[in-house]
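Here are my notes after going through the model you sent.

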Amino acid sequence: MSDLSSSPRPSPQPRTAYAAFRSISTRWMDNDVYGHVNNVVYYSWFDTAVNAYLIEQGALDIHAGGTIGLVVETQCNYFAPLAFPQKVDAGIRVARLGGSSVRYEVGLFAQGEPLTAAAGHFVHVYVDRQTRRPVPLPQQLRDALQPLLRS
């Protein structure tokens, strides 16, 4: 068992830490009984922000593309509540571009706020649609991700 107390505590990040943004509307059903957006919705927003970017860039064909991304790791830290009817801005960046995998990082901001209400990541391993075996990242995908790459 690892000692979690030795890990630095994550903190909210500014908008300047992200390379591209997508606006997302909260929905009535996103709120839970505690009056804020339920934690599972944040992961849906991560997927929405990244995949919409890839589709818009022509790097992902969800219907007929031979290569698809499968999530193999995900994580999120929460700093401030979000709730319906707020608008959310999802900032995205790429932290690591591997041979067949990508680590995406997403920051969720209440519209107009300077710091993330939540921030997390997920890792896609890109695989052949039929065999589900890892494949090298297609050049069109690499080209689309290059502007998102942050050190």
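1. Before anything else: this is a predicted model. Please read the points below with that in mind.

2. Let's start with helix α1 and what it sits against. Its buried residues pack against β1 (20-25), β2, β3 (87-97), β4, β5 and α2 (139-145). The buried set consists of Val-41, Tyr-42, Trp-45, Phe-46, Ala-49, Val-50, Ala-52, Tyr-53 and Leu-54. As a reminder, an α-helix has 3.6 residues a turn, so residues three or four places apart point the same way.

3. I also checked the length of that helix. α1 covers residues 39-56, which is 18 residues, and at 1.5 Å a residue it should span 26 Å. Its end C-alpha atoms are 27 Å apart, which agrees. After α1 comes Gly-58, with a positive phi near 75 degrees.

4. Now the nonpolar core. The largest one has 33 residues, and those touching the most other members are Trp-45, Leu-54, Leu-82, Tyr-104 and Leu-108. At least two residues of this core come from each of β1, α1, β3, β4, β5 and α2. Which element gives the most to this core? That's α1, with eight residues.

5. Leu-54 touches Ala-59, Leu-60, Tyr-104, Tyr-126, Leu-141 and Leu-145, leaving out residues up to four places away in sequence. Phe-46, also in helix α1, counts as buried because its relative accessibility is 1%, under the 20% cut-off. Beyond its neighbours within four places in sequence, Phe-46 is in contact with Gln-75, Cys-76, Val-106, Leu-108, Ala-119, Gly-120, His-121 and Phe-122. Take His-121 from that list: Phe-46 and His-121 are 75 residues apart in sequence, yet their C-alpha atoms are 7.9 Å apart in space.

6. Next, the largest pocket. Its volume is about 170 Å³. There are 14 lining residues, and Gln-13, Asn-77, Arg-93, Ala-119 and Gly-120 lie nearest the centre. Ala-119 and Gly-120 are also among the contacts of Phe-46. β2 (67-78), β4 (101-110) and β5 (118-128) each contribute at least two residues to the lining.

7. The segment before β1 holds Arg-15. With a relative accessible area of 24%, Arg-15 is partly exposed. Not counting residues up to four places away in sequence, Arg-15 touches Phe-21, Asp-89, Phe-109, Ala-110, Gln-111, Gly-112, Glu-113 and Pro-114.

8. Leu-115 belongs to the loop between β4 and β5. Buried or partly exposed? Its relative accessibility is 43%, so Leu-115 counts as partly exposed. Leu-115 touches Pro-12, Gln-13, Pro-14 and Phe-109, again skipping residues up to four places away in sequence. Gln-13 is also one of the residues nearest the centre of the largest pocket, and Phe-109 is also touched by Arg-15. The C-alpha atoms of Leu-115 and Arg-22 are separated by 15 Å, and the two are 93 residues apart along the chain.

9. Gln-57 is in the loop between α1 and β2. At 41% relative accessibility, Gln-57 counts as partly exposed. Its contacts, not counting residues up to four places away in sequence, are Gln-140 and Ala-144.

10. Finally, two backbone spots to look at. Phe-84 and Pro-85 are joined by a cis peptide bond, with omega about 15 degrees, and Pro-85 is in the loop between β2 and β3. Arg-132 is not a glycine, yet has a positive phi of about 60 degrees. Arg-132 lies in the loop between β5 and α2, and at 44% relative accessibility counts as partly exposed.

Notes. Residues numbered from 1 in each chain as written. Predicted model: local features only at pLDDT ≥ 70, side-chain atom pairs only at ≥ 80, totals over all residues. Heavy atoms only, no water. 1 Å grid on protein atoms, 1.4 Å probe; cavity = no way out; pocket = protein on both sides within 12 Å on 5 of 7 lines; lining within 4 Å. Points joined across faces, edges and corners; volume = space filled by probe spheres on them. Helix = DSSP H or I, 4+ residues; strand = E, 2+ residues; numbered from the N terminus. Expected span 1.5 Å × (residues − 1). Buried < 20%, exposed > 50% of the residue type's maximum accessible area, 1.4 Å probe, protein only. Contact = heavy atoms within 4.5 Å. Core = buried A, V, L, I, M, F, W, Y, C linked by side-chain atoms within 4.5 Å.
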